[in-house]
Amino acid sequence: MAEIKEECGVFGIYNLDGGNVVPSIYYGLTSLQHRGQESCGLAVSRTDGERGNIQFHKNLGLVSEVLREDTIHSMDGDIGIGHVRYSTTGATVAENAQPLVLSYVKGTLALAHNGNLINTGQLKWELIQNGAIFHTTTDSEVIAFHIARERVHSKTVEEAIGKTVRKIKGAYGLVIMSPRKLIGVRDPLGLKPLCLGKRDNTYVLASESCALTSVGAEFVRDIEPGEIITITKEGLKSDKTLSTGKHALCVFEYIYFARLDSTMDGVNIYDARIRGGKSLAKSYPVEADLVTGVPESGIPAAKGYSEESGIPFGLAFYKNSYIGRTFIKPTQKERESSVHLKLNVLQPAVKGKRIILVDDSIVRGTTIANLIHMLKEAGAKEVHVRISSPPFLYPCYFGTDVPSNDQLIAASYSSEEICAMIGADSLGYMKIDYLEGMAGGLPLCKACFDGKYPMDIPEEGNHSVPCGIWPAE
């Protein structure tokens with residue numbers, strides 16, 4: 001509910017029997033819509049047709065808005081990739097929609113990228129000095145250009161990709177389509193997710209396993225951190241030479257980003273959030289009559305809190321699922337009341353009760369303050385807030401749009417001060433030591449909470465802005 005945004009979702013598919021993959025890309029992207037709602041697109045090709053003849057379509061909007069029925073029926077290919085995206089601040093423009101499609105001396109290339117690089121400035125300057133002209137403001141284009149440049153001096157596109165990913169630093173899950181190959185790449189730390197599925201003689205790459213399910217594919221495995229996987233008519237080939245053994249998976253996949261029905265690096269997302277709620281109940285018990293969650297992100301953790309505490313779980317809000325992506329709010333009064341358009345309190349469920357309200361995070365604090373006010377206005381006697389993540393204290397440079405410190409309420413105020421500011425009767429955050437247990441013991445990147453980045457962060461100005469709009473709180 002704090003509206004922390006992830007960057008993107010990627011999807012790739014190759015039907016080795018030649019069947020049309022366009023409908024599957026549509027369904028796969030629809031299942032990844034939660035990862036990006038600003039723009040989307042797809043690119044497809046026929047591996048037995050004219051070499052390098054790529055069809056693509058992309059634009060601003062949701063999958064159902066951009067990939068309309070007439071568009072879907074007009075495209076055909078047995079290999080393809082797709083992308084859903086949150087756009088860089090100030091650059092919600094169609095030019096930045098993906099996949100990126102390049103024509104160059106060796107042929108064609110289509111690329112979709114989830115993540116954020118921290119050495120974009122250096123890499124882009126190197127290309128500009130050699131005459132490159134950029135058409136987008138994304139670091140994804142920098143990756144594509146470097147692959148194209150390396151391809152001129154490489155025997156295969158995989159070799160060119162390998163040379164490129166040795167240059168780039170940051171977080172990335174990539175799906176890349178050449179005329180005869182589908183390639184997936186995951187950054188060496190595993191900051192961004194990528195998995196492999198199979199349906200009959202069709203291979204699928206996706207940011208999350210829920211996208212595999214949506215197209216009837218069985219989950220095969222996660223792409224390992226630092227792995228480059230190539231799918232051709234001859235089958236699968238894996239290159240793990242980039243793997244370092246040091247992993248730092250993004251903690252927020254398990255707290256918020258990933259869909260509940262996904263499994264990521266062997267951990268079921270629903271189970272992880274239930275465990276997070278149970279940890280909160282152990283750390284911050286309180287007498288209450290009802291445990292509830294902020295839809296949709298706080299509900300699984302609220303259920304876990306209820307199971308551990310024995311306090312009944314119930315719904316306190318009705319969520320309006322038909323609110324559009326944008327809403328004109330020209331005055332401060334309308335801005336403050338807009339939360340009522342998304343959520344309304346179920347008064348009979350809360351009147352006269354002591355409520356435990358669970359959410360995934362607090363960024364600026366305005367949204368949770370509005371919800372507490374709504375609950376008390378509806379007759380709740382007490383509202384105790386429990387947050388299934390630690391306080392945000394540091395910005396993220398890897399594609400999660402945690403803003404700069406001056407926009408993070410926890411960076412300026414203590415938990416006691418925040419509790420008073422939002423009007424809660426008590427406030428408890430997830431303890432940072434419990435995060436690995438919540439995520440099934442996986443090694444995690446928790447830099448937004450503890451400032452311990454898994455790689456050296458360059459000085460301001462040398463990295464690109466994380467691809468996402470700042471939280472709406």
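1. Let's start at Asn-15, whose side chain reaches the backbone nitrogen of Asp-17 at 2.8 Å. Please keep in mind throughout that this is a predicted model. Asn-15 belongs to strand β1, which covers residues 8-15. Its relative accessibility is 11%, so Asn-15 counts as buried. Leaving aside residues up to four places away in sequence, Asn-15 is in contact with Val-21, Asp-78, Asn-201 and Thr-202.

2. A word on the cysteines, in case you are setting up bonds. How many disulfides does the structure hold? The count is zero. Cys-195 is a handy case to look at: the closest cysteine sulfur to its own is the one in Cys-210, and because the two are 8.3 Å apart, they are too far for a bond. With a relative accessible area of 1%, Cys-195 is buried. Cys-40 is buried as well, since its relative accessibility is 0%.

3. The model has three cavities of 30 Å³ or more. The largest cavity holds about 110 Å³ of space. It is lined by 15 residues, and the ones closest to its centre are Cys-250, Cys-396, Thr-400, Cys-445 and Cys-448. Two helices, α8 (251-257) and α18 (447-450), each supply at least two residues of this lining. By class, the lining of the largest cavity comprises 13 nonpolar residues, one polar residue and one charged residue.

4. The second largest cavity has about 50 Å³ of space. Which residues line the second largest cavity? They are Tyr-254, Ile-255, Ala-272, Arg-273, Gly-276, Ala-301, Ser-388 and Met-438. Helix α8 turns up here too: α8 and α9 (269-283) each supply at least two residues of the lining. The most comes from α9, with three residues. By class, the lining of the second largest cavity has five nonpolar, two polar and one charged residues.

5. Is Ser-361 buried or exposed? Ser-361 is buried, because its relative accessible area is 1%. The side chains of Ser-361 and Asp-360 are joined by a polar contact of 2.7 Å. Ser-361 and Met-430 lie 69 residues apart in sequence, and their C-alpha atoms are 9.5 Å apart in space.

Note on methods: Residues numbered from 1 in each chain as written. Predicted model: local features only at pLDDT ≥ 70, side-chain atom pairs only at ≥ 80, totals over all residues. Heavy atoms only, no water. Helix = DSSP H or I, 4+ residues; strand = E, 2+ residues; numbered from the N terminus. Buried < 20%, exposed > 50% of the residue type's maximum accessible area, 1.4 Å probe, protein only. Polar contact = N/O pair within 3.5 Å; in protein donor to acceptor, adjacent residues only side chain to side chain. Contact = heavy atoms within 4.5 Å. Disulfide = S-S within 2.5 Å. 1 Å grid on protein atoms, 1.4 Å probe; cavity = no way out; pocket = protein on both sides within 12 Å on 5 of 7 lines; lining within 4 Å. Points joined across faces, edges and corners; volume = space filled by probe spheres on them. Nonpolar A, V, L, I, M, F, W, Y, C, P; charged D, E, K, R; others polar.
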